[in-house]
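Okay, everyone, thanks for coming. Let me put the structure up, and then I'll walk you through a few spots in it.

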Amino acid sequence: KNNGKLYSRENPDKWQIKQFMEDNTTIPLLIQKDNQWYQANLCFTGLSILSFDATQDFIGDSNVFDLAVYEPGKAALEYKQLKTMSRVRGNTSKSYEKLSLRLNLVQKKDNEYQKHQQTLLGMRSDDDWILNALYADRSRIRDKLSIDLWNVVAAKQNPYHTEFGFEADYVEVFINHAYQGIYLLMSPVDA
């Protein structure tokens, strides 16, 4: 959508995105829209992006969202376009300013939504995902480090000869074009 004009002192054709990520470079931008000017800063993190846009469809009382999954290193036009419904996840965490979400990937068949298993960010195929807000983990590393340690040390150490690990990766989240911050996308622990 062309809703305005974007201006930068740097020529976007000459942006060295990998170098910007390594140097933690921030690029100042000016945005002109409807005779108004806005200032923003662009920072390349190298994290995958999940972008949710509400649709007019509902499943029960849950809104269905269009979900675009952008992975770093791929061309801007290479992304997964999915449908998902979501709900707020947790009990005490529902009082936090930043909420965790439970995602259920769906697909429309014969005018009805059905579960749809899909791999996300190289993780296993599933229709059920968790977006952990990391609100209680101010460092943003404790939860991910615990998962990684469990997978290395204990996930395969059981009498059932089955792996009891799960996967997680950092993502940046946008909901209806508004930046929500960094989340941890996780496959749920299957009971």
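So, Lys83 comes out at 28% relative accessibility, which means it counts as partly exposed. Quick note on the words: buried is under 20% relative accessible area, exposed is over 50%, and partly exposed is in between, with a 1.4 Å probe and protein chains only. Those areas come from the Shrake-Rupley method, and for residues only the protein chains shown count as cover.

Before I go on: this is a predicted model, so local features need pLDDT of at least 70 and side-chain atom pairs count only at pLDDT 80 or more, while totals for chains, interfaces and linings use all residues. Residues are numbered from 1 along each chain as its sequence is written, and side-chain values use heavy atoms, with hydrogens and water left out.

Back to Lys83. What does its side chain meet in a salt bridge? That's Asp66, at 2.5 Å from N to O. By salt bridge I mean a side-chain nitrogen of Lys or Arg within 4 Å of a carboxyl oxygen of Asp or Glu. Lys83 sits in strand S6 (residues 79–89) and Asp66 in strand S5 (residues 62–70), so this pair ties together parts that are 17 residues apart in sequence. Helices (H or I, at least four residues) and strands (E, at least two) are DSSP runs, by the way, numbered from the N terminus. Asp66 is partly exposed too, because its relative accessibility is 24%.

Now look across from Asp66 to Ala54. The two are 12 residues apart in sequence, and their C-alphas are 6.4 Å apart in space. Ala54 belongs to strand S4 (residues 48–59), and at 38% relative accessibility it counts as partly exposed. Leaving out residues up to four places away in sequence, Ala54 touches Asn63, Val64, Phe65 and Asn176, where contact means heavy atoms within 4.5 Å.

How many salt bridges are there by that rule? The count comes to 6. Let's visit helix H2, residues 142–153. Asp148 and Lys144 form a salt bridge, with the closest N and O atoms 3.1 Å apart. They are 4 residues apart in H2, so about one helical turn separates them. Is Lys144 buried or exposed? It's buried, because its relative accessible area is 15%, whereas Asp148, at 34%, counts as partly exposed. Another salt bridge joins Arg142 and Asp143, with the closest N and O atoms 3.9 Å apart.

Leu149 is also in H2, and it's partly exposed at 47%. Together with Leu145, Val152 and Val153, Leu149 makes a nonpolar surface patch of about 410 Å². Patches take residues with over 30% relative accessible area and no salt bridge; like charges are joined within 9 Å, and nonpolar side chains (Val, Leu, Ile, Met, Phe, Trp, Tyr) within 5 Å.

Last stop, a sheet. Strands of a sheet pair through backbone hydrogen bonds, either parallel or antiparallel. Here 3 strands form an open sheet in the order S1-S2-S3, and the pairing is antiparallel. S1 (5–8) and S3 (36–43) stand at the edges with a single partner strand each, so one side of each is left without a neighbour in the sheet. Two strands pair if DSSP finds at least two bridges between them; S2 (residues 26–33) and S3 have 8. Pro28 has Asn41 in S3 as its bridge partner, and Gln32 stands opposite Trp37 in S3. S2 and S3 form a hairpin with 2 residues between them, and Asp34 in the turn has a positive phi of about 50°.

Note on methods. Areas by Shrake-Rupley, 256 points an atom, 1.4 Å probe, with all protein chains shown as cover.
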